Amino acid sequence: MAGANGVGKTSLLRMVCGLAPIESGQILWNGKPIHAQSEVYRQDLCYLGHLNALQESLTVNQNLAFNAALAGNAPEPAQMREVLAHFGVRGRGEQLVRHLSQGQKRRVALSRLALSEARLWVLDEPFVAMDEAGVRMLADLIAAHLGKGGLAVLTSHQQVDIGAVPAQMLELRA
Amino acid sequence: MKKLGMLSVMSAVLRREVSVAMRQKGEVLTPLVFFVVVASLFPLGVGPESALLLRMAPGVLWVSALLAAMLSLQRLFATDFADGSLEQMALSSTPLGLLVVGKALSHFLLSGLPLVLMAPVLGLQFGLEGRSLGILMLTLLLGTPTLSLIGSIGAALTLGVRGAGVLLSLLILPLYIPVLIFGAGAVEADAAGLGFGGHLSLLAALLVLSAFFAPLATKTALRISLE
């Protein structure tokens, strides 16, 4: 999803998640309005907004475990180590989030995707604050998710090649 | 990956709050120190007449505890709101109301329970007897969870509002009145030989009522704040 600043990309994504109210129209998931089945829908949903949703006073592992718990999952420590290493924050698991750089925090936040079993990913500007390698890795992660039959809705200002999977481009205009 | 039941997710919220508090001990100690200081100001203000102090003690301790418990309420959801964790909680497959219970429980454990444990020490200062101290602790033990539960509604309603602290007190203090009346009244009723069972039953009833309704109200208020 693309569009100029302030055109309403984030608002639309928040509506898709069911966080913001819809003024007109409806959002369906499996043919049913999301508000009529919010608990089922939330099991299928993983949302990553502008905010990293990391508690600064806790360690990276504590944050990852908590975020996974909210989705009803309890990842093994080895699994979390592996995911962090994959996201280029190897060995930071026991560090406090407040001691990480902005880019590292974003990487930790994104690593939640790798631990998620949700079918629908809603990502708001996931490529912001990422270096080139990070963008590549995230694009691969999204491609793998799509390859497994998943669905991803994301906003971006840069054209990122996610691979040969069918992608639909929506451009919002004021 | 192992799956968690809803109650495990709620206890994950509780454990997270406790871990955060262990890293920021000052925030746990502030209400406790406030409680001690406020309760100690009264003898200085009204003079050292022991009969007067003894009569005032339950009320003074209860008002101080109530204000101290309110002191830390504002932060209940504020950090999670600012860093985006609250959004994630709202999108959790576990009902938000249940997560709110975890939050309120953590507020009781970290703010209410220390007050319950500190109260007899302060009660001694006022010259309360052992039996009265016991009743005071019992009423606080039943009352402070209610304060946390009702307080969570106010904390949710004032999220992201400027001057949230003052607004929170204005919203919540009137709702605290029944808890205060039956809490402070129990010790006096016992001293007058009337028995304190009725007061305790009413406090327990308030706790049950707020345990049922407060999470629902808080959940709705949080969803509105997040829009």
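Predicted model: local features only at pLDDT ≥ 70, side-chain atom pairs only at ≥ 80, totals over all residues.
Chain A contains six helices and eight strands. Read from the N terminus, its elements follow the order β-α-β-β-α-β-α-β-α-α-β-α-β-β. Its radius of gyration is 16 Å, close to the 16 Å given by the globule rule for 174 residues, so chain A is as compact as a globular protein of that length. The C-alpha trace of chain A extends over about 45 × 35 × 30 Å along its principal axes. Of the 174 residues of chain A, 36% are buried. Among contacts in chain A with a separation of 6 or more, 66% are made by residues 24 or more positions apart.

The mean pLDDT of chain A is 89, and 98% of the residues score at least 70. Among the elements of this chain, the highest mean pLDDT, 94, belongs to strand S6(A), and the lowest, 84, to strand S8 (residues 171–172).

Chain A holds an open sheet of three strands in the order S4-S6-S7, with parallel pairing. S4 and S7 (151–154) are the edge strands of this sheet, each pairing on one side only. From one strand to the next, the twist averages 10 degrees. S4(A) and S6 (residues 120–123) of chain A run parallel and are joined by four bridges. Within this pair, A:Leu45 has A:Leu120 of S6(A) as its bridge partner, and A:Leu48 is partnered in S6(A) by A:Leu123.

Strand S4 of chain A, which comprises residues 45–48, is covered on both faces. A:Leu45 and A:Tyr47 are buried on one side, and A:Cys46 and A:Leu48 are buried on the other. Helix H5 (residues 102–115) of chain A lies across S4 and S6 of the chain, and runs at about 170 degrees to S4(A).

Chain B is built from nine helices and one strand. Along the principal axes, the C-alpha trace of chain B spans about 60 × 30 × 30 Å. Buried residues account for 46% of the 227 residues in chain B. Contacts between residues 24 or more positions apart form 80% of those in chain B with a separation of 6 or more.

B:Met22 is part of helix H1 (residues 6–23) of chain B. It counts as exposed because it has 12 C-beta neighbours inside 10 Å, and a residue is exposed if that number is 12 or fewer. B:Met22 and B:Phe212 lie 190 residues apart in sequence, and their C-alpha atoms are 29 Å apart in space. B:Leu173 belongs to helix H8 (residues 164–191) of chain B. With 14 other C-beta atoms within 10 Å, B:Leu173 is partly exposed. A separation of 8.8 Å is found between the C-alpha atoms of B:Leu173 and B:Met70, which are 103 residues apart along the chain.

The two chains touch through 28 residues of chain A and 24 residues of chain B. On the side of chain A that touches chain B, at least two residues each come from helix H2 (38–43), S4, helix H3 (60–70) and strand S5 (73–74) of chain A. H3(A) supplies the largest share of this side, with five residues. By residue class, the side of chain A that touches chain B comprises 16 nonpolar, nine polar and three charged residues.

Strand pairing also links the two chains. S5(A) pairs with strand S1 (residues 2–3) of chain B in the antiparallel sense, over two bridges. In this pairing, A:Ala74 is opposite B:Lys2 of S1(B).

Definitions and conventions:
Residues numbered from 1 in each chain as written. Chains lettered and ligands numbered in written order. Buried ≥ 20, exposed ≤ 12 C-beta atoms within 10 Å, placed from the backbone. Pairing = 2+ DSSP bridges. Contact = placed C-beta atoms within 7 Å. Nonpolar A, V, L, I, M, F, W, Y, C, P; charged D, E, K, R; others polar. Axes fitted to C-alpha atoms, helices over the stretch in contact; angles between N-to-C directions. pLDDT = per-residue confidence, 0-100. Rg over C-alpha atoms; globule rule 2.2 N^0.38 Å.
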